[in-house]
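The entries follow the order in which I looked things up.

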2 protein chains.
Amino acid sequence: MPSPTAIGIDFGGTTIKCALVEDGKIVERGQLIDTLHTGDHSAIIEALLDRILELRRIRPDTVAIGIGFPGIVDSINGIVHRLSNVPGWNDVPMCDILRRRTGLHAAVENDAKSMAYGEWKYGAARNGKDILCMTLGTGVGGALILDGRLYRGANLGAGEIGQTSIDYQGRTGNYGNLGALEKYVGNAQIAERAQKMYEKAGKLVPIEQCTPAILDDAAKAGDQVAKQLWAQLGLEIGVALANAVWLLNPDTIVIGGGVARAGNLLFEPILSVIRSATMPTFYENLRVVPAELGNDAGIIGSATLALDSLPRA
Amino acid sequence: MPSPTAIGIDFGGTTIKCALVEDGKIVERGQLIDTLHTGDHSAIIEALLDRILELRRIRPDTVAIGIGFPGIVDSINGIVHRLSNVPGWNDVPMCDILRRRTGLHAAVENDAKSMAYGEWKYGAARNGKDILCMTLGTGVGGALILDGRLYRGANLGAGEIGQTSIDYQGRTGNYGNLGALEKYVGNAQIAERAQKMYEKAGKLVPIEQCTPAILDDAAKAGDQVAKQLWAQLGLEIGVALANAVWLLNPDTIVIGGGVARAGNLLFEPILSVIRSATMPTFYENLRVVPAELGNDAGIIGSATLALDSLPRA
């Protein structure tokens with residue numbers, strides 16, 4: 001029997017990506033959709049239905065559709081409540097719409113949870129049972145797999161490691177949360193901090209030259225300011241992760257997103273904090289690893305979530 | 001059919017308490033055992049077997065024994081690895097011993113997890129699905145019920161909210177963990193802080209007069225120093241809890257232990273921090289409640305864990 005095929009959709013704030021997924025692998029990609037210029041939510045849904053039609057032509061045995069959304073999603077009832085950076089999505093009964101229009105089983109999930117699911121089933125957290133996934137970018141998101149199941153929490157909001165505090169008298173987060181990790185290690189904050197540190201070192205660097213990628217190259221080329229900044233970022237991320245480690249005693253921490261590409265510049269100080277701030281029971285068997293599926297984690301995770309939630313025959 | 005009866009045992013650092021438990025209620029208490037003066041671990045086990053014999057005489061239909069230990073316990077294999085304040089317990093195969101000597105089913109668990117289980121099944125967290133229990137005392141412990149199951153983590157260590165950091169440059173915890181909550185709100189720390197605050201206010205108060213109970217009375221009688229201290233303790237506990245709320249999105253937080261008796265002096269600032277540092281999805285349906293079972297939570301929880309783990313006929 002061939003493996004079941006599903007369509008996975010990664011709904012981003014600027015671009016929507018979709019693909020046919022089989023056995024955790026992308027077998028065919030659909031055309032991108034421009035999130036901001038396609039129109040309101042019904043125009044986007046029509047564009048999505050076009051893509052679904054095209055992909056099903058390639059694989060008529062497609063059985064399900066899964067979508068990861070950047071916002072608040074009721075994955076139980078298939079409703080998209082609100083998106084972080086895309087207006088016009090208020091309580092859209094997305095699964096009902098997709099089922100009605102395509103006849104296929106559909107599943108929706110928050111994007112960080114979709115990505116974590118992908119990394120768990122087919123990526124860096126394979127074989128893990130208790131997993132924390134963290135994504136570093138403009139914001140800092142996260143998701144949890146606990147006891148071998150996607151953990152959503154009472155109101156489906158669990159996993160927000162980026163909003164946890166590393167200093168109760170520190171920087172103010174988006175929700176009044178003092179010391180929110182995101183306000184230290186988000187991309188914009190990294191750029192600002194780099195610029196200030198360069199300035200202190202007597203060097204004027206335009207903010208556009210302070211992206212994680214450029215700072216990564218700089219550190220690897222021996223730039224002391226960049227090296228110092230990565231060590232500090234690693235410390236701060238490590239503190240938030242050590243807190244999660246004490247609470248959850250995970251076997252795997254997956255770190256994804258642009259910043260994670262800094263590799264050992266970031267992973268070494270993170271591991272060092274976790275070791276120095278917890279105890280052997282907590283860190284001895286803990287793996288802290290970079291995400292493996294990269295930009296495809298959301299597509300693969302969404303498709304797999306849809307397949308795994310198919311009603312049993 | 002009558003409810004099954006189990007013996008619950010709360011193994012404390014100074015006293016071991018035991019009782020017959022039926023339907024989450026204590027129906028008969030056994031004599032206390034003095035932990036420190038009874039002798040080595042085999043002498044304590046013999047004393048425990050005496051108590052078990054006495055209780056079974058009262059209820060010959062007893063089917064199981066559950067024990068909560070203050071330390072590292074392998075609840076899956078029934079082994080007590082190490083206790084925090086009682087020497088001589090190294091990898092004791094407790095469940096095997098109890099089964100062999102009594103013929104009854106036996107279960108062991110960490111004490112904080114036993115208490116949480118009791119509060120979940122019969123106490124303040126009844127009807128909860130995602131629960132954080134926190135115990136305030138000499139140390140600050142905790143345990144998690146997630147998705148309607150006791151959550152233990154990869155190495156059975158999960159729940160240690162007292163070791164999480166509220167300030168990455170703060171006080172040093174027992175494990176090198178800077179800013180460990182326990183080092184702010186443990187009983188000894190509360191006493192020290194109170195004494196210093198009184199001193200600053202021009203009042204010399206002996207440290208013995210700075211117990212949580214006395215500070216509680218003082219604040220309720222209008223003592224400004226005590227009131228200020230409780231507000232600060234509530235803030236610090238609230239910060240650690242807000243972090244757990246972002247990560248776990250629980251429906252219930254249960255706070256137990258001596259300090260929790262301060263009631264609104266403590267619960268008001270805690271709630272205020274959680275509200276001001278999270279978002280409605282996380283706090284709207286969140287209950288933050290004092291533990292209900294008091295000193296019996298461990299006995300009731302252990303007995304219930306033992307009953308719930310009985311092999312199915």
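**Entry 1: a glycine in a helix**

I began with B:Gly238, which lies in helix H7 of chain B. Helices here are DSSP runs of H or I with at least four residues, strands are runs of E with at least two, and both are numbered from the N terminus. B:Gly238 counts as buried, at 0% relative accessibility. Buried means under 20% relative accessible area, exposed over 50%, and partly exposed in between, with a 1.4 Å probe and protein chains only.

I then looked up what B:Gly238 touches, leaving out residues up to four places away in sequence, and found B:Ile270, B:Val273 and B:Ile274. Contact means heavy atoms within 4.5 Å. B:Gly238 and B:Pro269 are 31 residues apart in sequence, and their C-alpha atoms are 7.1 Å apart in space.

**Entry 2: ground rules**

I note that this is a predicted model, in which local features need pLDDT of at least 70 and side-chain atom pairs count only at pLDDT 80 or more, while totals for chains, interfaces and linings use all residues. Residues are numbered from 1 along each chain as its sequence is written, chains are lettered from A and ligands numbered from 1 in the order in which they are written, and side-chain values use heavy atoms, with hydrogens and water left out.

**Entry 3: the sheet of chain B**

I traced an open sheet of five strands in chain B, in the order E11-E10-E9-E12-E13 and with mixed pairing. Two strands pair if DSSP finds at least two bridges between them. At the edges I found strand E11 (149-151) and strand E13 (287-290) of chain B, each pairing on one side only. From one strand to the next the twist averages 25 degrees. Axes are lines fitted to C-alpha atoms, for helices over the stretch in contact, and angles run from 0 to 180 degrees between N-to-C directions.

Strand E12 (residues 252-256) of chain B pairs with E13(B) in the parallel sense over four bridges. Opposite B:Thr252 I found B:Arg287 in E13(B). Helix H7 (residues 224-248) of chain B lies across strand E9 (131-136), strand E10 (140-146) and E12 of chain B, and runs at about 160 degrees to E9(B).

**Entry 4: two positive phi values**

Which loop holds B:Asn127? I placed B:Asn127 between helix H3 (111-122) and E9 of chain B. Its phi is near 75 degrees, a positive value in a residue other than glycine. B:Asn127 is exposed, with a relative accessible area of 80%.

B:Asp147 is in the loop between E10 and E11 of chain B. B:Asp147 is not a glycine, yet has a positive phi of about 50 degrees. With a relative accessible area of 26%, B:Asp147 is partly exposed.

**Entry 5: a hairpin in chain A**

In chain A I looked at strand E6 (residues 71-74) and strand E7 (residues 79-83), which run antiparallel and are joined by four bridges. A:Asp74 stands opposite A:Ile79 in E7(A). The hairpin of E6(A) and E7(A) has four residues between the strands, and A:Gly78 there takes a positive phi near 75 degrees.

**Entry 6: the core**

I looked up the largest nonpolar core and found 102 residues; those with the most contacts inside it are A:Leu241, A:Leu266, B:Leu241 and B:Leu266. A nonpolar core is a set of buried Ala, Val, Leu, Ile, Met, Phe, Trp, Tyr and Cys residues joined through side-chain atoms within 4.5 Å. Leaving aside neighbours within four places in sequence, A:Leu266 has contacts including A:Leu136, A:Trp230 and A:Ile237.

**Entry 7: the two chains together**

How is chain A laid on chain B? A turn of 180 degrees and a shift of 0.0 Å along the axis do it, with an RMSD of 0.0 Å. That is the relation of a two-fold axis. Copies are superposed by least squares on the C-alpha atoms of residues with pLDDT of at least 70 in both. Of the residues of chain A, A:Asp167 comes closest to the rotation axis, at 2.0 Å (C-alpha).

The contact takes 49 residues from chain A and 48 residues from chain B. I noted that 98% of the interface residues of chain A are also interface residues in chain B, so the copies meet through the same surface. The chains bury about 3,900 Å² between them, 58% of it on carbon and sulfur atoms. Buried area is the accessible area (1.4 Å probe) that two parts lose on being put together, summed over both. In chain A, A:Tyr168, A:Trp246 and A:Leu247 lose the most area to chain B, together 20% of what that side buries.
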